[in-house]
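Here's a quick briefing to read with the model open in your viewer.

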Amino acid sequence: MYDASTQKEFIRTGNAFLQHPDQVTTEQLPVLRKLLRYHEWKYYAKDDPVISDYDYDRLYKILERLEAAHPELITPDSPTQRVGSDLSSDFQTVTHLSPMLSLENSYNAEDLNDFEKQVRKLTGEEGPITYVVEPKFDGSSVALIYENNILVRGATRGNGHQGDDITPNIKTIPTIPLFADFSERGIHRVELRGEALIRKDYFETINKQRAKAGLPLFANPRNAAAGGLRMKDPKEAAQRKLDTFVYQMTFAEDDNGQDATNKFEFHSEILQYLNKIGFLVPHNLSKVCRTIEEVSDFCQQSEQKREEYPYEIDGMVIKVDSLELQKKCGLTSHHPRWAMAYKFKAKQATSVLLDVIFQVGKVGAITPVAKIKPVELAGVTVSSVSLHNEEFIRSKDIRIGDQIVVERAGDVIPYIVKSLPELRDKSVHPIVFPTVCPSCHTPLVKEEGEAAWRCPNYHCPEQIIQRMIHFVSKNAMNIDGMGESQIRKFYGLGWLHNFDDIYRLPFDKIQKLEGFGQRSADNLKKAILASKNNPIHRLLYGLSIHHLGRKASKLIAAQVKYVLDLKDWTIEQYTNIKEIGPILAENIIDFFKKPENIELLKSLESYGVNLHQTAEDLPVELPTDGPLSGKTILFTGTLMQMKRKEAQALAEKAGAKNISAVSKNLNILVAGEKAGSKLKKAKALGTVEILNEQEFLDLIEKA
Ligand code: AMP
Ligand code: ZN
């Protein structure tokens, strides 16, 4: 249908339009429509967009503006005359009770002022107008129908009028109630709109698992969510752990088939009601605003906070609160006139792939990393992006010199969405994956079931350095003051070959090194000394045994009195532990079979490093009848009345389980002085009870 040269032409013309949007004339309307149609075709039919969503929106706006000024020039096949489609032939097509429309986009305060002017014109309202401002969730929209209080259907947006029936998958989403009491308000049948989403942190987990398994990665949480809704097997849909925020009631009817939306006066009232009967509704980052200036301020503030928000959002949605005014505004075939999206800054950009370097990891895995022409993505400059593994490079056909599309979604690490082969010139050349280790030149190997090439040389200089970095890291031996730069320096001076060398570092010489003073040397010495008393799970984790993570290290530490006893452990002893599979078990057995590793551990012991199980290695038995039983707790910031360890012990005595990260699983956060990002994150989650130190003590004492 289209060839490569037309695409090049479309991209060039589009860029020219974007450079001078005001100079696009009505003569250029046919070209503009043609190129928008082309980009839609690439996006929807080919699933292979060649411009960013942001640029597409801006081009679309130019078309809208010209058509608004010259309505006589609108053609029935203009891209403005329809909404996007995601219909698939694998599901049954169903018709929505009311169309699922798009939203108009705004980018600044001026656009918002224009929006208010238009609302006033449409409604004749001269007094104050109240708006509800909500996050614009960047997931996949769904339409839910309840009849007699029972969820009877869930569908995708599709082309806006018809969508795919995905009811079995919808029923796996815990935040969508299967029963909700609408009859209390005299509602017999209702259609709700919502957005299915994956939490950003869980999205990263999924991609990590997929990278390990050599599966293609998702570019962003939206794709992962959209894919989840369309799984053929609901069990697989459930594994995506989707959440759904419901943000609109679009249709309601009573027993006699009469409109029942008039049971409510305000959009905010509907949301409150939906929340009361069991739905997740936009709550954090949502606000009822009394003026359009307040709306604009709130949108800008929210953009600052977007990274802290646990879900991906690409803007805010502003809705006129009064349902009566909404009715007066009405709809176009494309969007409601009473709502407006406020778009945040782009997180996608194009850049150029300058070079690829190959990093060696602590167990020898080779990771290709792209060096790109620095670009700003949502306020962060990105110049380096992981390419994961050879398969990733091959499947995306990425070459050095290529124009590439880069995306940074939320906290999610930057990702190369695609290369743009149609823009290649002669200077572009393929990425050659090395056959030998860039550090020690040993031929690389690839083991069955692994996606990564590995350097098999245990004594590879870069592997030694990476292992050292891991050994001293926070979750392993936790040696403060020793980071990558110190390790590289000490290694270069020939002081570090293996972990035990850390315990015989020549401190007389360190003091005299450039960049080291008496004080930092003393601090480092203290930190090294303290690490000798660590519980053994930290040591086990620090050894960089392939696949041995923190959790498994703790489970093993809880079952072994003395680290060297592991010499005699059988594969069954390991695999009897629920989380440990045969591959990991073999890796640990291999490690303890090697005499040099036993020597290493003995040497560590001779320097005073603890190899015996400690109280901290044992799982805590929590009382089941304490005031905090069944709850999880996290302390952050500086506590004034006691040490953090003491507070944690108190919490355990009261039955709470201490956990280390803010997530959906956290019940209570105790925020001390100068609490930082954890407090912010917990607030953004909205589900965490936040206490100060005194409130925590009161709570325990009362009981
Ligand atoms: P667009 O597709 O960019 O025109 O925007 C319309 C889409 O925004 C809807 O189909 C919804 O999927 C999505 N959306 C996300 N959050 C909201 C919200 N709070 N209110 C309305 N629509 C939303
Ligand atoms: Zn090597």
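Asp397 is found in the loop between α12 (390–396) and β15 (399–400), where helices (H or I, at least four residues) and strands (E, at least two) are DSSP runs numbered from the N terminus. Its phi is near 45°, a positive value in a residue other than glycine. Keep in mind that this is a predicted model, in which local features need pLDDT of at least 70 and side-chain atom pairs count only at pLDDT 80 or more, while totals for chains, interfaces and linings use all residues. As for bookkeeping, residues are numbered from 1 along each chain as its sequence is written, chains are lettered from A and ligands numbered from 1 in the order in which they are written, and side-chain values use heavy atoms, with hydrogens and water left out.

**Loops with positive phi**

- Asp397 counts as partly exposed because its relative accessible area is 31%; the scale runs from buried (under 20%) through partly exposed to exposed (over 50%), with a 1.4 Å probe and protein chains only.
- Asn478 also goes on this list, with phi near 55°, a positive value in a residue other than glycine.
- You'll find Asn478 in the loop between α13 (461–472) and α14 (484–492).
- At 36% relative accessibility, Asn478 is partly exposed.

**Salt bridges**

- A search of the whole structure turns up 32 salt bridges, each being a side-chain nitrogen of Lys or Arg within 4 Å of a carboxyl oxygen of Asp or Glu.
- Back at Asp397, the side chain pairs up with that of Arg399 in a salt bridge (3.0 Å, N to O).
- Arg399 is partly exposed, at a relative accessible area of 30%.
- Glu269 and Arg185 form a salt bridge through their side chains (3.7 Å, N to O).
- Glu269 sits in helix α9 (residues 267–276) and Arg185 in the loop between α5 (167–170) and β7 (189–197), so this pair ties together parts that are 84 residues apart in sequence.
- Glu269 is partly exposed with 25% relative accessible area, and Arg185 is partly exposed with 27%.
- Asp500 and Arg504 make a salt bridge of 3.3 Å, N to O, between their side chains.
- Asp500 is buried, with a relative accessible area of 8%, whereas Arg504 is partly exposed at 41%.
- There's a network too: salt bridges link Glu390, Glu391, Arg394 and Lys446.

- Gln7 has its place in helix α1 (residues 4–19).
- This residue is buried, with a relative accessible area of 5%.
- Leaving out residues up to four places away in sequence, Gln7 touches Tyr38, Lys42, Val50 and Glu422, with contact meaning heavy atoms within 4.5 Å.
- The side chains of Gln7 and Glu422 are joined by a polar contact of 2.6 Å.
- A polar contact is a pair of N or O atoms within 3.5 Å; within protein, one must be able to donate a hydrogen and the other to accept it, and residues adjacent in sequence count only if both atoms are side-chain atoms.
- Gln7 and Leu423 are 416 residues apart in sequence, yet their C-alpha atoms are 9.2 Å apart in space.

- On contacts, 12 residues of domain 2 meet 12 residues of domain 3.
- About 1000 Å² is buried between domain 2 and domain 3, and carbon and sulfur atoms give 53% of that; buried area is the accessible area (1.4 Å probe) that two parts lose on being put together, summed over both.
- Within domain 2, Leu217, Ala219 and Glu307 lose the most area to domain 3, together 45% of what that side buries.
- Between domain 2 and domain 3 the salt-bridge count is 0, and 1 residue pair is in polar contact across the interface (both at pLDDT 80 or more).
- Helix α6 (residues 200–212) gives the most to the side of domain 2 that touches domain 3, with 4 residues.
- That side of domain 2 divides into 6 nonpolar, 1 polar and 5 charged residues, where Ala, Val, Leu, Ile, Met, Phe, Trp, Tyr, Cys and Pro count as nonpolar, Asp, Glu, Lys and Arg as charged, and the others, Gly among them, as polar.
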